[in-house]
Amino acid sequence: MKLSDFMDLSHLQKIQDTFSQATGLAAIAMDTEGNYITKGSGFTDFCTKQTQGCQEGAKRCQKCTADGQGVYECHAGLMEFSVDIVLNGEKLGRLTGGQVFSREPDEEKLASLAAELGLDPDVYIRAARKVPVRTESAIRAAVSLLNDMVNILIVQEYMSATEYKKIHVWEEEIASATETVTRIKENTRELEAIASKQTIMALNASIETARVGAAGAGFGIIAKQMGTFSKQSTEIYKKITQDANSIAESIHKMNES
């Protein structure tokens with residue numbers, strides 16, 4: 001199951017954007033195959049253009065993203081996070097981001113890192129100065145809040161989608177049941193007509209038996225039995241009609257509700 005199967009991902013994007021604006025933490029969502037399903041929010045040049053802009057930096061960042069879980073510190077000294085998106089025990093993706101400092105960055109270390117990555121230390125340090133600084137406790141609280149908000153949203157979206165599907169199936173079944181009741185009524189009317197003909201035939205047979213006297217005694221017994229069967233059939237057909245009407249009334253009430 002994918003998130004896009006039951007929810008509007010623009011709702012997830014809105015929460016993500018608002019979270020980033022309010023906390024200064026970057027954020028992005030991806031599916032279980034590692035494909036991004038939202039646009040990145042709050043990412044800085046220090047990460048996207050500098051650190052990840054070179055081959056070695058991108059390699060180190062990919063390893064951190066693959067190994068990281070919860071709130072952790074990346075190779076460049078930034079606090080990052082990775083939390084799973086789960087529904088009914090099934091992992092549907094994850095939220096990653098952060099990319100803020102938990103303390104004022106050590107510029108000497110940054111210059112050394114820039115040299116390792118083959119970057120201009122001055123440009124790298126200037127980019128680092130634009131990165132937000134948040135306490136570790138504030139970062140962890142923000143990540144926890146985002147995780148709760150997103151999972152609540154997903155549960156609501158899932159319930160809304162599944163309830164809609166149930167209602168759609170319900171409506172289809174009501175329509176099918178209504179057609180069945182209609183057919184029952186039509187078939188019952190035909191059977192009632194046949195029963196009426198049987199009654200007339202039984203009556204005619206009785207008259208003919210009386211006319212021929214003792215010679216038609218055996219036929220008279222059969223005619224009498226035909227009349228009995230016809231009467232019994234008529235009663236059964238009435239019960240079927242009553243039941244069909246009762247079902248139709250119940251379906252009507254369900255459809256109105």
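Modeller: Happy to! Let me start inside, with two phenylalanines: F19 and F81 are both buried. Please keep in mind that this is a predicted model. The ring centres of F19 and F81 lie 6.5 Å apart and the planes meet at 85°, so this pair is edge-to-face. F19 belongs to helix α1 while F81 sits in strand β3 (residues 79-87), so their contact ties together parts 62 residues apart in sequence.

That is one of four aromatic pairs found in a search of the whole structure. Another brings F6 and Y158 together: with 5.3 Å between the ring centres and 85° between the planes, this pair is edge-to-face. Here, too, distant parts of the chain are linked, since F6 comes from the segment before α1 (9-23) and Y158 from helix α6 (residues 136-212), 152 residues apart. How exposed are these two rings? F6 has a relative accessibility of 10%; buried means under 20%, so F6 counts as buried. Y158, at 24%, is partly exposed. There is also a cluster of aromatic residues, made up of F46, F101 and Y124.

Now for the charged side chains. In general, side chains of opposite charge can pair when their charged atoms come close. The structure holds eight salt bridges, and I will pick out a few. K63 pairs with D67, with 2.8 Å between the closest N and O atoms. Both residues belong to helix α3 (residues 55-67), where they are four residues apart, or about one turn of the helix. K63 and D67 are both exposed.

R103 and E73 make a salt bridge as well, at 3.7 Å from N to O. R103 is in the loop between β4 (90-100) and α4 (107-117), whereas E73 is in strand β2 (residues 70-73), so this bridge ties together parts that are 30 residues apart in sequence. E73 has 42% relative accessibility and therefore counts as partly exposed.

A further salt bridge joins D84 to K91, whose closest N and O atoms are 3.3 Å apart. Both ends have some accessible area: D84 is partly exposed at 27%, and K91 is partly exposed at 41%.

Finally, two spots in the backbone deserve a glance. As a rule, most residues other than glycine have a negative phi. N88 is not a glycine, yet its phi is positive, near 55°. N88 lies in the loop between β3 and β4, and with 66% relative accessibility it counts as exposed. Q99 has a positive phi too, about 50°, although it is not a glycine. Is Q99 buried or exposed? Q99 is buried, with a relative accessible area of 7%, and its place is in strand β4.

Notes:
Residues numbered from 1 in each chain as written. Predicted model: local features only at pLDDT ≥ 70, side-chain atom pairs only at ≥ 80, totals over all residues. Heavy atoms only, no water. Salt bridge = Lys/Arg side-chain N within 4 Å of Asp/Glu carboxyl O. Helix = DSSP H or I, 4+ residues; strand = E, 2+ residues; numbered from the N terminus. Buried < 20%, exposed > 50% of the residue type's maximum accessible area, 1.4 Å probe, protein only. Phe/Tyr/Trp six-rings, centres within 6.5 Å; stacked < 30°, edge-to-face > 60°.
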